[in-house]
Amino acid sequence: GDYEPEPLAMPAPATGKGFKSNSDNKDSAVLYHQLRQKPLNIVGGKGSYLITDDGLEILDATCGAAVSCLGHSDARVHEAIMEQLQKIPYVYSLYFTNSAAEGLSKILVDSTGGKMSRAFIVSSGTEAVEASVKMAMQYFRELPAPQPQRVNFISRKQSYHGNTLGSLAVGHHVARRAIYENILTKNVHHVSQCYPYREMKSGETIESYVARLAQELEDKFQSLGPDTVCAFVAETMAGATLGCVPPLPGYLKAMKEVCERHGALFILDEVMSGMGRTGTLHAWEQENVVPDLQTIAKGLGAGYAPIAGLLVNKHVVDTLTQGTGAFAHSQTYQGHPVSCAAAYKVQRIIQEDNLLPNVREMGEYLGRLLREKLGSNPHVGDIRGRGLFWAMEFVQDKETKEPYPPSKKIAWMLHTTGLKPEYAISLMPGNGGADGVNGDHICLAPPYNTTKAEIDMIVDRASKVITEVLG
Ligand code: PMP
């Protein structure tokens with residue numbers, strides 16, 4: 001009961017002097033990811049800026065974890081949340097439905113052009129992936145001619161699909177899996193990423209590289225027994241772990257064809273790459289494929305409330321409806337009215353403000369500017385991205401592509417250096433596909449309503465940070 005709220009008035013802007021950098025966290029009761037260091041305290045936000053308790057305005061070039069796609073202070077979303085709070089804050093969706101969940105699910109299903117027929121709304125990307133794995137397994141058990149032998153999943157090396165034991169098992173984040181290997185299911189098998197910078201052979205064309213990756217998937221099906229595979233899971237555009245790698249043309253289509261040939265489901269994880277981040281509402285729209293199950297999160301609620309979803313195609317929904325008639329999975333906060341009302345408003349704003357063309361236009365500009373200003377930097381090995389989702393991969397030597405040793409924590413240094421008051425930019429660090437085999441990278445993911453002036457500032461500040469850290 002003694003909690004003293006933060007005073008609402010903003011402190012005076014930081015002068016640079018007296019600015020607290022990340023400090024000892026002995027005085028904090030929060031369990032942070034970094035246990036020995038207390039992160040900067042954010043007390044406010046304004047458009048693309050985060051404001052610290054020292055009054056420093058940090059240019060948020062990453063929307064947190066590619067989340068805050070409308071910026072940090074859209075009053076229209078605040079109002080929608082207040083309205084829903086006043087109607088009904090919480091409804092248990094095992095007993096009841098609510099208008100906010102109905103409305104949101106309807107616009108999500110409609111946004112797929114009817115390709116998906118229902119939305120299962122949860123609170124985090126991890127939960128959406130977990131639900132997709134469970135739904136895929138239940139589907140094969142409830143087909144009119146059940147296929148309970150389908151117990152294997154195939155995903156990609158160096159992928160990240162979440163942190164609970166099921167979603168962690170589906171991914172291949174080596175560092176986060178390490179402690180838990182013994183209790184992760186052994187029924188997940190991994191194939192290569194589509195990662196031209198390091199894995200396309202010299203002399204290989206896009207077509208032959210894609211054919212090689214499809215053959216690798218085919219071989220994996222054959223070695224497991226094609227009718228034992230439940231689903232293939234991949235991010236439409238590789239995000240956090242590999243660092244903003246768009247799929248090559250024809251790649252996802254070729255992977256889906258392998259799944260179809262063997263009757264396995266094709267699951268696309270669009271937690272990070274979906275809901276507009278790559279320039280279309282669904283990243284798969286640019287790939288000439290439609291998933292059977294699709295996860296969405298981050299840009300769905302733009303951070304105004306925790307929310308994620310699993311979109312499910314008609315065939316899977318019909319199978320479960322005619323089977324046991326229930327998804328064998330339920331969560332207390334599914335379809336949460338306040339989160340749904342926030343996400344509904346966010347999605348309306350993306351439409352009404354016509355933000356997707358801006359994502360494409362500003363995204364192209366960001367890519368061009370990065371190449372222009374940093375393309376010849378001896379430590380920037382690769383610049384890649386799509387929409388407002390770009391990464392730079394850092395190397396010691398551009399010729400050999402030799403990464404920095406993971407112990408140097410280059411990406412993390414770029415992030416912390418960016419937070420110094422003279423730069424005041426938040427960059428998203430990633431280290432070497434999480435297992436040090438690739439170079440460190442930083443991702444950029446500005447809000448969908450960003451401006452040319454902001455993009456100029458992002459590239460200018462990021463360049464200075466890179467010069468300070470890498471010379
Ligand atoms: N899948 C992908 C592709 C992600 O990028 C993430 C988060 N970075 C997750 C799943 C997990 O989402 P969350 O952190 O919301 O649980």
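With 13 C-beta neighbours inside 10 Å, K87 counts as partly exposed, because a residue is called exposed at 12 or fewer such neighbours and buried at 20 or more. The model in which this count is made is a predicted one. K87 lies in helix α2, and its C-alpha atom is 31 Å from that of N313, a residue 226 places away in sequence.

Helix α2 itself, residues 75-87, has 13 residues and spans 19 Å from its first C-alpha to its last, which is close to the 18 Å expected at 1.5 Å a residue. Its buried residues are V77, A80 and Q84, and, seen down the axis of α2, these fall within an arc of 60°, so they line one face of the helix. An α-helix has 3.6 residues a turn, so residues three or four places apart point the same way. The buried residues of α2 pack against α3 (99-111) and α11 (337-352), whereas on the other side of α2 the residues A75, E79, M82 and Q86 are exposed.

Six of the six residues of strand β12 (residues 389-394) are buried, so the strand is largely enclosed by the rest of the structure. In a regular strand the side chains alternate between the two faces of the sheet. Both faces of β12 are covered, with F389, A391 and E393 buried on one side and W390, M392 and F394 buried on the other.

The partners of β12 can be followed in turn. Strand β11 (residues 380-386) pairs with β12 in the antiparallel sense over six bridges, and in this pairing I383 stands opposite M392. The hairpin that β11 and β12 form has two residues between the strands, and there G387 takes a positive phi near 60°.

Another strand, β5 (residues 152-156), holds I154, which is buried, with 24 other C-beta atoms within 10 Å. Leaving aside residues up to four places away in sequence, I154 touches H189, V191, L217, K220, V229 and F232. Although I154 and F266 are 112 residues apart along the chain, their C-alpha atoms are separated by 10.0 Å.

Of the 15 residues around the ligand, S124, G125, T126, V271 and M272 come nearest. Among the elements that contribute to this shell, helix α4 (residues 125-141) gives the most, with three residues. In composition, the shell around the ligand divides into seven nonpolar, six polar and two charged residues.

Notes. Residues are numbered from 1 along each chain as its sequence is written. This is a predicted model: local features need pLDDT of at least 70, side-chain atom pairs count only at pLDDT 80 or more; totals for chains, interfaces and linings use all residues. A residue is near a molecule or strand if its C-beta atom, placed from the backbone, lies within 6 Å of it. Helices (H or I, at least four residues) and strands (E, at least two) are DSSP runs, numbered from the N terminus. Ala, Val, Leu, Ile, Met, Phe, Trp, Tyr, Cys and Pro count as nonpolar, Asp, Glu, Lys and Arg as charged, and the others, Gly among them, as polar. The expected span of a helix is 1.5 Å times one less than its number of residues. The arc is that of the directions from the helix axis to the C-beta atoms. Two residues are in contact if their C-beta atoms, placed from the backbone, lie within 7 Å. Two strands pair if DSSP finds at least two bridges between them.
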